[in-house]
Amino acid sequence: MIPELGHYALVLALMLASVQAAVTFLGARVGEARGAMLMAAGLSTAIGQAGFVGLSFFCLMWSYAVSDFSVANVVQNSHSLKPLLYKLTGTWGNHEGSMVLWVFILALCGALVALFGNNLPATLRARVLGVLALVSVGFLLFILFTSNPFERVWPIPEDGRDLNPLLQDPGLAFHPPFLYLGYVGTAVSFAFACAALLEGRVDAAWGRWVRPWTLFAWCALTVGIGLGSWWAYYELGWGGFWFWDPVENASLMPWLLATALLHSAIVVEKREALKVWTILLAILTFSLSLLGTFLVRSGILNSVHAFANDPDRGVFILALLFLTVGASLALYAWRAPALAPQGVFAPISREGGLILNNLLLATLCAVVFVGTLYPLFADLAWGAKITVGPPFFNAATFPLFFALLFAMGVGPLLPWKRGDLWAALSRLKLAFGVVAAFAVVYVAAIDRTVLPLLGFALALWLVLAAATDFADRIQLGSVPLALSWRRARGLPRGIVGGIIAHAAVGITVAGIAGKGIAPERITLLQPGETTTIAGYVIRFEGTHPVSGPNWRGTEGRLVVLRNDREVAVLTPQRRHYPVANMGTTEAAIRTSGFADLYAVIGETAENGATVVRLHFNPLAPWIWAGTILMAVGGVVSLTDRRLRVGVPARRRTSAPAAVAAE
Amino acid sequence: MTSRRLLFLLPLLLLAAAGAGFWAMLAGMQRGSFDPRGVPSALIGRPAPTFTLPALEGSGKPGFSSEDLRAAAREGPVLVNFFASWCIPCLVEHPHLMRLAAEGVPVFGINYRAGGRDDPGAVEWLRRHGDPYRRIGVDHGGRVAIDFGTYGVPETYLIDREGIIRWRMAGPITDQVLANDLRPLLRRYR
């Protein structure tokens, strides 16, 4: 009964979404006064739609929780012995369920716009809801016609076929929901862009509404990508964190463009310039999110990511992608030329810096795009089988990243309208000096490889530049400390968030650079034998069988010695999941916060010797610490008073309170 | 229509081109004429590419060229194996290569060094685990790997008496691969 309830809820949501699209567009067309009733109906349908998709999602989750093996989707992706957490996360660990989650988040965002968009112009809000409803309609049709998660099976199997064991992991269990939050968040910016084109008006206020949604999407994407790369690091057992895998690239491209959009929306807000470009960015960011969905689910890309692949579904998503993106770009070609730019600006200024940021990020995105799709098109056009791997991506993106990282330090120090580059650079004198001194010491004492050195230097540069920006803003040193403290507390949250995020990028870069000088060792060890890495002596004490609820495996025992003293025991595992007939490696990682000691065991040969792979990764944990901090910066910026859209009442009451506190 | 308007049409035109391409791919996948997931088999049934590789210093064996390969293949099928000392799967398949070499199957090793990745431990690795190779060539910069269409290491090719590539294995040669694929092929092309 529960699965049917979920199915009907989806159908009802589809009806509501269709009604929502019709009434909102019609209402906005008729006009603010006469269409008020219609537009108000759009609000309640948006909330109702979210309710029904939510109901449907929870019905599916219920089927997973109670292991209802009469539902085909549950049979294919669950097993009665699986821990409850992974039964629940299995809901979105498959194609059908993840699509329901996708639409659920989309409907939720629509409901939020409906509930909290009171201070948006009525017609703009109606059109935003209309665009969101159209996207919903497309995806609900897709689910109902090609990927119904509630299909029953008969006869009912005794047990399920288990979830892909790689997905039975905390890191990966929550990686997809964050990515979907991000992708769907870009749908809201997209809806705002389309609505603005329909309205024919883009102003500073529009920039202020788009920014929080972009920021929200960006934070979610950042966390999602971070979780994915963390998982790859400890689960895939190769010690790497980024492989330029096509599906990773599919999530990186929207992130790069969302980052660009985040910054160009500031220019729209502050200077009423870059409007046409910002609209295009918003459209393209969502298009790339859709493209990622298409590439992963159509089976076109060759990747480690496991999803049911089906060219029929591919055709449907392609049609959906084509209609959505095509319609918005046609709208863009038709209406955007009328949006005349207003702001005039000098190349050396904050907005100039933000344009440089946009150029570099868009170029990076283009490079990743070409590298990801070129093999497919080359195969199609002249049958050439080629692979584009890390060497291409590293060679092509590193120079751009380096330029971007350097400019990131200077940009925030430039004033709006007209800046003085030398003045900004001279404020960074101290930072320059420290970085130069660091480089000299580093070359003399640690390592001479160029790329890691550049990485560390730029990482330090970013952190110091962010610190300089902060110190300047609170006039540290030139006014009494108490006054600086008061200024620090009075800084707009948007500024503080930006400073945190920029410094966080530095921390991530330091972690990535650390990987460049990480020693690794692969050996075949007999029990009792030792090996060394980075000053540690590792003694291999053999392997023994272990087992869990739905797997069996082998666990190796490695004792870590430093100066003949035992400091840790590493227990890497190899697991086999009999139901899914798949194996996984579980790396053992001992982290000090500044470095990771990383161990994986491989096959055991006939004579009892086991392949042991060891890495010593300096600063590796910083990669993810920086990622989290970036998202924290984004959240801090989201709490900026000027972005708290739709809660005018609270704004009025909070303003006097803030004064009283001072 | 002004050129400014044309500029605004550009994204739409690019989308149309990309959409047509994707559609052709999907159509090809349904017909079975386009398979992006299949391991590229462009070289299977074709002669091995032409190359000359320098020796691995310290291995005490000369390097080799495609001519040497063809000469050896005239006596019976030969294997070309891409390896590197930093690669775990290479170590996994290594005992099988040792056994095949002991049985008299000529195995030519290519030490893979692409993407700025050097392999200083190669000689030590061979000394420690045994050297199954008749000759070893060093592929600086991975040119030959590209000519072979190699994905990564380990990768193994079987070349018949005519110098034609008959089989490729991307990944380690496991017990199963050895028993189900490689041994029957070695018998067939003997």
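Me: What makes E8(A) and E9(A) a hairpin?

Reply: Three residues separate E8(A) from E9(A), and A:Gly593 in the turn has a positive phi of about 90 degrees. Keep in mind that this is a predicted model.

Me: How do you know that strand E8 and strand E9 of chain A pair?

Reply: Count the bridges. Pairing takes at least two bridges. Strand E8 (residues 588-591) and strand E9 (residues 595-604) of chain A share four, in the antiparallel sense. Within E9(A), A:Leu597 is the residue opposite A:Arg590.

Me: What makes E2(A) and E3(A) a hairpin?

Reply: Two residues lie between E2(A) and E3(A). In that turn, A:Ala534 has a positive phi of about 45 degrees. Strand E2 covers residues 530-533 and strand E3 covers residues 536-548 of chain A; they run antiparallel and are joined by four bridges. A:Ile533 faces A:Tyr536 in E3(A).

Me: How is chain A divided into domains?

Reply: Domain 1 spans 2-367 and domain 2 spans 520-621. These bounds come from an automatic or database domain assignment. The C-alpha centres of the two domains of chain A are 40 Å apart.

Me: What makes residues of domain 1 of chain A count as in contact with domain 2 of chain A?

Reply: The test is C-beta atoms within 7 Å. On that test, 13 residues of domain 1 of chain A touch 17 residues of domain 2 of chain A. The domain 1 side has five nonpolar, four polar and four charged residues.

Me: Why does the radius of gyration of chain A agree with that of a compact globule?

Reply: Set the two values side by side. A compact globule of 662 residues would come out near 26 Å, and chain A has 27 Å, which agrees. The C-alpha trace of chain A spans about 85 × 75 × 60 Å along its principal axes. Chain A holds 21 helices and 10 strands.

Me: How does chain B stand against a compact globule of 190 residues?

Reply: The globule would have a radius of gyration near 16 Å, but chain B has 21 Å. Its C-alpha atoms fill a box of roughly 75 × 35 × 30 Å along the principal axes. Chain B has six helices and seven strands. Their order from the N terminus is α-β-β-α-β-α-β-α-β-α-β-β-α.

Me: Why are strand E5 and strand E7 of chain B said to stand at the edges?

Reply: The open sheet of five strands in chain B has the order E5-E4-E3-E6-E7, with mixed pairing. Strand E5 (135-140) and strand E7 (165-170) of chain B each have a single partner strand, so one side of each has no neighbour in the sheet. Neighbouring strands of this sheet are turned by 20 degrees against each other on average, direction ignored.

Me: What makes strand E4 of chain B and E5(B) a pair?

Reply: Six bridges, in the parallel sense, link strand E4 (residues 107-113) of chain B to E5(B). At least two are needed, so this is a pair. B:His140 in E5(B) stands opposite B:Arg113.

Me: What confidence does the predictor give to chain B?

Reply: Mean pLDDT is 83, and 91% of the residues score at least 70. Among the elements of chain B, strand E3 (residues 78-83) has the highest mean (92) and helix H5 (residues 143-148) the lowest (81). The complex gets an ipTM of 0.73 and a pTM of 0.82.

How values were computed. Residues are numbered from 1 along each chain as its sequence is written. Chains are lettered from A and ligands numbered from 1 in the order in which they are written. This is a predicted model: local features need pLDDT of at least 70, side-chain atom pairs count only at pLDDT 80 or more; totals for chains, interfaces and linings use all residues. Two residues are in contact if their C-beta atoms, placed from the backbone, lie within 7 Å. Ala, Val, Leu, Ile, Met, Phe, Trp, Tyr, Cys and Pro count as nonpolar, Asp, Glu, Lys and Arg as charged, and the others, Gly among them, as polar. Axes are lines fitted to C-alpha atoms, for helices over the stretch in contact, and angles run from 0 to 180 degrees between N-to-C directions. pLDDT is the predictor's confidence in each residue, from 0 to 100. The radius of gyration is taken over C-alpha atoms; the globule rule is 2.2 Å times the number of residues to the power 0.38.
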